[in-house]
Every structure is written in C-alpha cells, then in structure tokens.
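These are my notebook entries on one structure.

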Amino acid sequence: MAEVIDELVKDNVHVKFLQIEAEDIVSLSEKFNIASVPTILFFKNEKEIDRLQGANAPELTKKVTHHASTFVAPVTNIGSDKKESLNEKLKRLINSSPNMLFMKGTPEQPRCGFSKQILQVLTGYKFGSFDILTDNEVRQGLKTYSNWPTFPQFYVNGELVGGVDIVKELSESGELQTMLAEAKVEDLNDRLHKLINSAPVLLVMKGSAQEPRCGFSRQMCQLLENYPSVKFSSFDILKDEEVRQGIKKYSNWPTFPQLYVNGELIGGLDIAKVN
C-alpha cells in the first residue's frame, strides 16, 4: 500500500495526503469511528466525503482518482493584517490546479446549462474547479482580469483557454486531447492493453528478471534464458496492485507469472514448459 500511495501522491500534486497512527491518537480514532487499520478518510472543504477500510489498493486508486478529478479550490478568508489583492487572489485561484474550471456550481452539482456542457467535454480529465456563485468578487473580477465576460472559463497552466464553445471546438479538432494529455484519467483496460503490447515478449511476474520474488517466476525466467535469441521484458506486479488484480480479469488468467507474445497471452509456467 505504501508504494501505491507514493505513486498517488506524485500523480495528484493538488491533493494533500496525511498519515496518522490510529493507536497514538485514540480521541481522533473515536471521533471518526475508526474500527480497523488501515482506514482512509477523504475530506473536501473540511468535511468527510468518503472512506475506505482495509488495504484495497485498486479501490483506493479509484477513489483518489475520482475525488482528485473533481477537486474544488477552497474559498480562502484573508486576514485583515495581510490583505490579499484581488489580482493576487485571482492568480492564485487560476494556478491552484494545472487545469482549472471557473463555473457556476460544482462538478457534482452544476448550476447552469453551459457549465454542465463543459463538464461533459472534460469528462475523463483531471481538473480543479471554483464555484463563482460563492464569491461575487471573484465572479466580477475574473471578467476583467481575463477580459472574458461569461462563464464557464477554462484555464490550462494559468492561461485562459476560453468558454464552452471554444473548449468544444478544441475537443472536436483533437487539440484539447493533446493539450490535456497529461491530465487524462486513463482507463484500466487501456493501460493494460498498452502494457502487454509494450514489448514483443513480456513477462508479467513477481519481482524482476534480475530478482524474481517467487519460485514460479524464477523458473519462468530460467526457462526463457535457455533461448538467448528471445529477448523479453518484464513487469513487476508487486509494484502495482491495480495492474495485479486487473490483468487477472483482463486476460482471464488468475495466477502469475503470465507470458505475452505480441500482445497475446501464452499462459503461465506450465503452458510455457509444454511449448
């Protein structure tokens, strides 16, 4: 789980991850009804919105991806002793996520037809959002700041892309997909397809070809080494629980190692020995 969380931290820089030892802070465990370890709580705007009990890496990845993709920038109260100018506030909000949508309502509850339309276009991508109905100063100021009189407004890397019509046009031309390539929430099946086609001969195993982590994987590596002309790559399923569980269903093969040639499953150790 630690390795999975480390990767989630890297992929979701706008999300704050905190780890607390439940037994060390009993009062906190009681407050949030922690009955088992690990328990992962999800908060948005200081309110618990979801939780996950147990070390379920695929479900954790799914939940983090879902909630991170609908990140909503919080409305920050600036103290009177350190007044933030409106332009500074707008710049901070625009840059609070690599891809930022200023809209009426939230991704979960859009409050105008245009905001709802742009959300449909942006489905499948990670982006932050800000509800301009919650802050009239931001609502009016942003029109002048970006010289764009209507909402929604979509920004990429701090630069205004435009409203719903422009975002739709970019999507239809394919430019939006290129612009948001790094923000795409990749479907697990697409990811697995890319993986098994990443090399002419791929061994999905426990550990690496240099350091197998189970007897069957070690035997498979030794078997393949008997054929010097066969160059193979390997993928360590111990480093990615989502892939480990997903590829069992994808290929309808419940055990490891799994040997693929040109994207097609050959089988496990016993099949490889026969062939």
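Entry one: the backbone. I found P257 in the loop between α11 and β10 (258-261); helices (H or I, at least four residues) and strands (E, at least two) are DSSP runs numbered from the N terminus. The peptide bond from F256 to P257 is cis, with omega near 10°. I also looked up F151 and P152, which are joined by a cis peptide bond with omega about 10°. P152 sits in the loop between α6 (136-145) and β6 (153-156). N33 is not a glycine, yet its phi is positive, near 55°. I place N33 in the loop between α2 (26-31) and β1 (39-44).

A note on the source. The model is predicted, so local features need pLDDT of at least 70 and side-chain atom pairs count only at pLDDT 80 or more, while totals for chains, interfaces and linings use all residues. Residues are numbered from 1 along each chain as its sequence is written, and side-chain values use heavy atoms, with hydrogens and water left out.

Entry two: the domains. The chain is divided into domain 1 (1-69), domain 2 (86-182) and domain 3 (189-273); the bounds come from an automatic or database domain assignment. I noted 31 Å between the centres of domain 1 and domain 3, taken over C-alpha atoms. In contact (heavy atoms within 4.5 Å) are 5 residues of domain 1 and 5 residues of domain 3. Between them the two domains bury about 360 Å², 67% of it on carbon and sulfur atoms. Buried area is the accessible area (1.4 Å probe) that two parts lose on being put together, summed over both. E3, P58 and T61 supply 74% of the area that domain 1 buries against domain 3.

Entry three: salt bridges. I counted a side-chain nitrogen of Lys or Arg within 4 Å of a carboxyl oxygen of Asp or Glu as a salt bridge. The whole structure has 7 salt bridges, and the count between domain 1 and domain 3 is 0. E108 pairs with K44, the closest N and O atoms being 3.2 Å apart. E108 lies in the loop between β4 (99-103) and α5 (113-121) and K44 in strand β1, so the pair ties together parts that are 64 residues apart in sequence.

Which residues lie nearest the centre of the second largest pocket? I listed D11, T65, K126, K184 and E186, out of 36 lining residues. A pocket is an open set of points on a 1 Å grid over the protein atoms alone where a 1.4 Å probe fits, with protein on both sides within 12 Å along at least five of seven lines; lining residues have an atom within 4 Å of a point.
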